[in-house]
Every structure is written in C-alpha cells, then in structure tokens.
Amino acid sequence: MLGKLIKDEVKSYRFSFGIIFFTGIIFTIFMKGICMIPYQGEAKSVVQAFAIFGYILILAVMGIAAQVLVVIRFYSTMVGDRGYLTWTLPATSATHLWSKLIGGTLWKTLTIIVTVVLVLIFFSGNYWIWYEELGANTMDMLLRGLANDIRQNVDTTDIILMVLQLISGIVWSAAALLLIYMCIAIGQLFGKWRILASVGIYFAIVIALQIISTIGVVLLALVQRENYAVNYNTAQDVMYSMVSIIIGIAASAGLFAITNYIFKKHLNLD
C-alpha cells in the first residue's frame with residue numbers, strides 16, 4: 001500500500017511543480033538575455049547587478065512555492081476537505097505519513113537540483129562584467145587552477161564529507177517538513193481554528209529553537225575562547241557531519257512519532 005500511496009503522491013505534484021520549473025526556465029532565459037545585451041559604459045555593470053539580484057529573488061520564490069505546495073497538499077489531504085477520503089483508505093496513519101514525507105522530500109530535492117542547473121546556465125558565458133575586469137585569459141587561468149587544485153587536494157575523506165553533508169541536508173530537510181506536519185497535526189485538534197493554531201504553534205516552536213540555537217552558539221564561542229584556538233580539519237568535519245545526521249534522524253523520528261500518535265489517537269476532521 002505504501003508504494004501505491006507514494007506513487008500517487010509523486011504524481012499529484014507533477015503539474016504544479018512543472019509550472020514552477022517552467023517558470024524558472026523562462027525567467028532564466030529572460031534574465032540571461034538581458035545580461036547578454038552589449039551595454040555601454042557603466043550601464044552594463046548596473047544592469048547585471050540588478051538582474052542578478054532579481055534572479056536570486058526569483059529562485060527564492062521558487063523554493064518558497066515548492067515548500068508551500070507540499071504543505072498545502074499535506075493539509076488538504078490529511079485534515080482538510082479531502083481528509084475524509086484519505087482516511088477511508090486501508091492504510092495506517094504511519095503509512096500515510098511516510099508517503100507524504102517521501103513524496104514531498106523527493107520533489108523538494110528535485111527543486112534544489114533544478115535550481116542548481118538553472119544557476120549554472122544563468123552564470124555561464126563570457127559576457128559578464130567580471131570577465132572584462134579580469135580578462136578572459138585570467139578567468140580561464142583561475143578556472144583551470146581551481147580544477148587542478150580540486151584534482152590534487154580532494155581525497156577520499158573529502159568525498160565522504162561531501163556525501164555526508166548531502167545526506168545531512170536531506171535529513172534536516174525531512175525534519176523541517178515533519179515539524180510542519182506535526183504543527184498541522186496539533187492544530188487540527190483546535191477544530192475551526194486549526195489553521196491559526198497550526199501557524200501559531202509553528203512560529204512558537206521556531207522561535208524557541210532559535211533561542212536555543214543562539215544560546216548554544218554563544219556557549220560554543222565561550223568554550224572556544226577559553227581554549228584560545230580550535231583546529232579544524234576534514235576528519236573533524238566528517239565527525240560533525242555524522243553527528244548532525246544522527247541528531248537529524250533522532251529529531252525526525254521524534255517528530256514522526258508525535259505526529260503519528262496524534263493522527264492515530266486524536267484525529268479531528270470536524
């Protein structure tokens with residue numbers, strides 16, 4: 001049953017995410033075309049600076065839209081108007097949660113990949129103002145030097161670190177999604193006020209986490225000051241990434257368990 005639900009979940013996003021990706025492609029081509037126009041004097045640097053700023057805003061909107069679509073899909077099919085149909089299916093609350101989490105995470109990950117590709121396309125070419133300032137030969141030398149440096153200095157440990165950081169990003173992305181799911185699950189207990197309650201609970205938790213993280217950063221800075229110096233290396237970064245993954249998995253498991261318990265024992269569709 002889980003496979004069927006995941007398949008349905010993935011298919012349900014195709015049209016909406018297709019619009020997001022298509023819009024991103026159109027804006028990339030449009031903004032790139034503006035930057036390629038051979039302006040005279042300072043106009044080129046001004047236009048390109050504003051174009052880059054606008055393009056970054058567009059990419060940010062794409063990311064926000066992807067998150068909003070996943071949240072709306074979860075709300076409407078779990079506690080909204082379509083909730084009755086969802087809960088008539090022969091599947092447990094945990095199965096529903098897994099399908100929503102996997103489907104949403106897959107599309108959010110695909111959004112990140114598409115965004116990276118669009119950024120590479122947007123910034124490719126030798127018409128940018130920094131090519132004129134540095135010179136084509138200088139830019140080519142810098143790129144070749146960077147490539148050689150990567151080939152010579154990147155070893156197995158660096159590759160492991162990059163893989164662990166990627167896994168950590170996916171785990172914490174899932175945890176962030178589960179936090180929203182949990183807030184919606186708690187909010188639906190408030191009946192007609194479920195949306196307002198969900199939003200209020202989410203912001204309260206986020207503010208509390210920000211306070212805790214700020215205190216943690218301050219304490220860490222004080223510890224480092226007492227030790228006068230902290231030597232970082234790749235092996236240490238690998239350890240930190242593994243700890244981050246473990247904490248992320250633990251946090252995700254806790255959020256999943258709470259959300260599943262609420263839906264299993266206290267579902268309220270009224």
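1. Basis of the note. A residue is called buried when its relative accessible area is under 20%, exposed when it is over 50%, and partly exposed in between, using a 1.4 Å probe and protein chains only. By that definition Cys183 is buried, because its relative accessible area is 1%. The structure is a predicted model, in which local features need pLDDT of at least 70 and side-chain atom pairs count only at pLDDT 80 or more, while totals for chains, interfaces and linings use all residues. Residues are numbered from 1 along each chain as its sequence is written, and side-chain values use heavy atoms, with hydrogens and water left out.

2. Overall architecture. The protein chain has 10 helices and 0 strands; helices (H or I, at least four residues) and strands (E, at least two) are DSSP runs, numbered from the N terminus. Along the sequence the pattern is therefore written α-α-α-α-α-α-α-α-α-α. The protein chain comprises 270 residues, of which 35% count as buried. With contact taken as heavy atoms within 4.5 Å, 79% of the contacts between residues at least 6 apart in sequence join residues at least 24 apart.

3. Cysteines. A disulfide is a pair of cysteine sulfur atoms within 2.5 Å, and the structure holds 0 of them. Cys35 is buried, with a relative accessible area of 1%. The value for Cys183 is likewise given as 1%, and Cys183 is buried.

4. Packing of α2 and α3. Two packed helices are described by the angle between their axes and the distance between the axes. Axes are lines fitted to C-alpha atoms, for helices over the stretch in contact, and angles run from 0 to 180 degrees between N-to-C directions. Helix α2 (residues 14-36) and helix α3 (residues 43-78) have axes that come within 10 Å and cross at roughly 180 degrees. The crossing makes α2 roughly antiparallel to α3; under the convention used, angles under 35 degrees count as roughly parallel, over 145 as roughly antiparallel, 65 to 115 as roughly perpendicular and the rest as oblique.

5. Residues between α2 and α3. On the α2 side, the residues in contact include Phe17, Ile20, Phe27, Met31 and Cys35. Those they meet in α3 include Ala51, Tyr55, Ile58, Met62 and Leu69. By class, the contact of α2 with α3 has 15 nonpolar, 5 polar and no charged residues. Here Ala, Val, Leu, Ile, Met, Phe, Trp, Tyr, Cys and Pro count as nonpolar, Asp, Glu, Lys and Arg as charged, and the others, Gly among them, as polar.

6. Aromatic pairs. The structure holds 12 aromatic pairs. Rings of Phe, Tyr and Trp (its six-membered ring) pair if their centres lie within 6.5 Å; planes under 30 degrees apart count as stacked, over 60 as edge-to-face and the rest as tilted. Tyr13 and Phe17 form an edge-to-face pair, at 5.5 Å centre to centre with 85 degrees between the planes, and both are buried. Tyr13 also pairs with Trp107 in a tilted arrangement, at 6.5 Å centre to centre and 55 degrees between the planes. This pair links distant parts of the chain, with Tyr13 in the loop between α1 (2-12) and α2, and Trp107 in helix α5 (residues 93-123), 94 residues apart. Both Tyr13 and Trp107 are buried. Tyr13, Phe17, Phe21 and Trp107 form one aromatic cluster.

7. Phe17 lies in helix α2 and is buried, with a relative accessible area of 0%. Not counting residues up to four places away in sequence, Phe17 touches Ala66, Leu69, Val70, Trp107 and Thr111. Phe17 and Leu110 are 93 residues apart in sequence and 9.6 Å apart in space, C-alpha to C-alpha. Thr23 is also placed in helix α2, but counts as partly exposed because its relative accessibility is 33%. Thr23 and Ile58 are separated by 35 residues in sequence and by 9.4 Å in space, C-alpha to C-alpha.

8. Thr86 lies in helix α4 (residues 83-87) and, at 10% relative accessibility, counts as buried. Residues up to four places away in sequence aside, Thr86 touches Thr77, Met78 and His96. Ile186 is found in helix α8 (residues 156-187) and counts as partly exposed, at 22% relative accessibility. Leaving aside neighbours within four places in sequence, Ile186 is in contact with Ile201 and Ile262. Ile186 and Ile201 are 15 residues apart in sequence and 8.1 Å apart in space, C-alpha to C-alpha.
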